[in-house]
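Please open the model in your viewer and keep the selection panel at hand. The tour below goes from one selection to the next.

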Amino acid sequence: MKMESLKDLYLEQLRDLFDAETQLIDALPKMAEAAHHSDLKNAFDQHLRQTREHVTRLQRLFSALGERPEGQTCHGMKGLIKEGQEMIKAKGDPDVIDAGLIAAAQRVEHYEIAAYGTAMAHAKLLGRDEIVRLLDQTLQEEKAADQILTDIAERIVNVNAAVRRGKDFDTGTRTTM
Ligand SMILES: [Fe+2]
């Protein structure tokens, strides 16, 4: 791997992201299938559509740079997806499994948020404003997807899981004082 300029590093980061997004296109339908709650299924389906768009954006960006997106494996995303697969295979309470799927998916989103933030910082330094805008569009969608998962977890899954398995949680004593 040649790393002689910021552009080399930047391209390496973008290729890593391209591979990460491509891996996600395979993983998200399995997450949607494993999810029990319809809101969560919909969130995964919606993010699958966005992720396809993210791949297309990265392809546009590579052609704008006169480069090819191939040749990089994102090991970080591989590991995160593997953790998600463990939750897909898990047996037990549907709400608890949904909470676990959300936890896995939010790790993925935060990984992408970090990666797009870095790529944007590099693009700014290189003075590529059109690329900054393209990356920022995706970054905002990753942040929104993360927020949707937080909302689902807070609104439904965590509450249901805690109620059903109340005896397993030390929820403390409620007081009216
Ligand atoms: Fe994405």
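Donors here are N, O and S atoms within 2.8 Å of the metal (3.2 Å for Na, K and Ca), and because water is not among the atoms, sites may look incomplete. This is a predicted model, in which local features need pLDDT of at least 70 and side-chain atom pairs count only at pLDDT 80 or more, while totals for chains, interfaces and linings use all residues. Residues are numbered from 1 along each chain as its sequence is written, and side-chain values use heavy atoms, with hydrogens and water left out.

Select the iron ion to begin: its protein donors, lying 1.9 to 2.5 Å away, are Glu 21 (OE), Glu 21 (OE), His 54 (ND1) and Glu 142 (OE). Along the chain these donors have the spacing E-x32-H-x87-E. His 54 in helix H2 (residues 38–65) and Glu 142 in helix H5 (residues 129–164) link distant parts of the chain, being 88 residues apart; helices are DSSP runs of H or I of at least four residues, numbered from the N terminus. Both His 54 and Glu 142 are buried, that is, under 20% relative accessible area with a 1.4 Å probe and protein chains only.

Now colour by secondary structure, where the chain shows five helices and zero strands, in the pattern α-α-α-α-α.

Finally, show the whole chain, whose C-alpha atoms fill a box of roughly 60 × 40 × 25 Å along the principal axes. Of its 177 residues, 43% count as buried.

How values were computed: Helices (H or I, at least four residues) and strands (E, at least two) are DSSP runs, numbered from the N terminus. Buried means under 20% relative accessible area, exposed over 50%, partly exposed in between (1.4 Å probe, protein chains only).
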